[in-house]
Amino acid sequence: MSPTLDQMQEARTALDAPLFSGLPGDIDVSFEFFPPKSEKMEAQLWASIEELAPLDPSFVSVTYGAGGSTRERTHRTVARIVEEAKLPAAAHLTCVDASKTEIREIAERYWEAGVRHIVALRGDPPDSARKFAPHPDGFASAAELVAGLREVADFEISVAAYPETHPQADCPASDLDNLKRKLDAGATRAITQFFFAPDTFFRFRDAARRHGIEAPIVPGILPVTNVARAREFAGLCGAAIPDWMDGLFEGLDRRPAARQLVAATLAAELCRRLYAGGVREYHFYTLNRADLSYAICHMLGRRPRGEADG
């Protein structure tokens with residue numbers, strides 16, 4: 001796709017002016033959390049939600065894994081976000097180790113709790129050595145899950161996209177076929193797995209459009225403070241960690257403040273370059289911490305209501 005005049009002007013501004021000067025904050029943001037496993041983690045999670053809530057996110061999502069305890073923690077966390085924080089909450093739901101009846105019951109419970117948004121995923125088994133196999137009475141794919149949720153209630157539904165191709169996909173084209181099936185089944189938008197180069201996102205978005213995918217594709221942003229941990233995540237979703245990232249964090253193991261500064265700078269620059277290409281929606285993988293995501297939003301001009309002009 002050729003850049004528009006506005007995008008070309010924005011690109012020139014990004015190069016000629018201070019990178020983050022004068023941004024109007026005309027972006028939508030959302031934040032992802034995982035359910036806490038202890039009281040201490042729950043306190044940290046809730047402090048993060050309270051810090052990010054004034055940024056008026058489009059929604060906050062809570063991840064979900066196979067197994068009853070994780071499901072219950074996700075449900076409790078999402079219900080509390082809706083009831084106490086008064087924020088639009090999205091619950092993750094997967095096909096793993098659950099029958100269609102069980103999933104429909106879970107979705108109905110979410111609807112009754114005031115949840116109107118589901119992030120629908122095929123999911124991976126908790127044992128990483130085991131390949132995904134559908135439950136005998138379950139949904140075989142995320143596309144089937146989306147269609148099933150559409151029969152339960154009028155949920156807003158987000159699905160996953162893989163800018164660098166899902167590790168289990170035959171090729172990029174078949175991966176895009178799968179994404180289109182999920183959207184054609186009734187999903188509202190796609191949220192990408194994280195990536196570290198703006199061109200990775202733009203190439204993927206353009207390929208999706210050529211594939212007949214018109215739904216919004218929202219970039220997923222992971223502020224990295226621990227490269228080794230990021231590599232573990234990347235191996236699961238097919239993302240490439242640039243070699244230069246190791247060098248930037250070298251020598252900062254005992255300097256947490258400096259490491260945070262480097263992490264925020266890298267992620268903010270990525271977001272700013274995406275902004276120059278016309279991106280106005282961002283989904284942040286927070287790892288249950290608010291500081292980095294808050295700083296990035298601040299640099300992009302997204303401020304708490306009443307402070308934008310202050």
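At what angle do the axes of helix H4 and helix H5 cross? The exercises below work through this and related points.

This is a predicted model, in which local features need pLDDT of at least 70, side-chain atom pairs count only at pLDDT 80 or more, and totals for chains, interfaces and linings use all residues. Residues are numbered from 1 along each chain as its sequence is written, and side-chain values use heavy atoms, with hydrogens and water left out.

**Exercise 1. Describe how H4 and H5 cross.**

Step 1. Find the helices. H4 covers residues 100-112 and H5 covers residues 142-152. Helices (H or I, at least four residues) are DSSP runs, numbered from the N terminus.

Step 2. Take the axes. They come within 10 Å and cross at roughly 50°. Axes are lines fitted to C-alpha atoms over the stretch in contact, and angles run from 0 to 180 degrees between N-to-C directions.

Step 3. Name the angle. H4 is therefore oblique to H5. Angles under 35 degrees count as roughly parallel, over 145 as roughly antiparallel, 65 to 115 as roughly perpendicular and the rest as oblique.

Step 4. List the contact (heavy atoms within 4.5 Å). Ile-103, Arg-104, Ala-107 and Glu-108 of H4 meet Leu-145, Leu-149, Glu-151 and Val-152 of H5.

Step 5. Sort by class. Five residues are nonpolar, none polar and three charged. Ala, Val, Leu, Ile, Met, Phe, Trp, Tyr, Cys and Pro count as nonpolar, Asp, Glu, Lys and Arg as charged, and the others, Gly among them, as polar.

**Exercise 2. Describe the packing of H7 with H10.**

Step 1. Locate them. H7 spans residues 198-210 and H10 spans residues 256-276.

Step 2. Read the geometry. The angle is about 40°, and the axes are 9 Å apart.

Step 3. Find the partners. H7 gives Pro-198, Phe-201 and Phe-202, while H10 gives Leu-270, Arg-273 and Leu-274.

Step 4. Sort them. The contact has five nonpolar residues, no polar ones and one charged.

**Exercise 3. Describe how H10 meets H11.**

Step 1. Take the axes of H10 and H11. They come within 9 Å and cross at roughly 45°.

Step 2. Name the angle. H10 is therefore oblique to H11.

Step 3. Find the partners. H10 uses Gln-260, Ala-263, Ala-264, Ala-267, Ala-268 and Cys-271. H11 uses Asp-291, Leu-292, Ile-296 and Met-299.

Step 4. Sort them. Eight residues are nonpolar, one is polar and one is charged.

Notes:
Helices (H or I, at least four residues) and strands (E, at least two) are DSSP runs, numbered from the N terminus.
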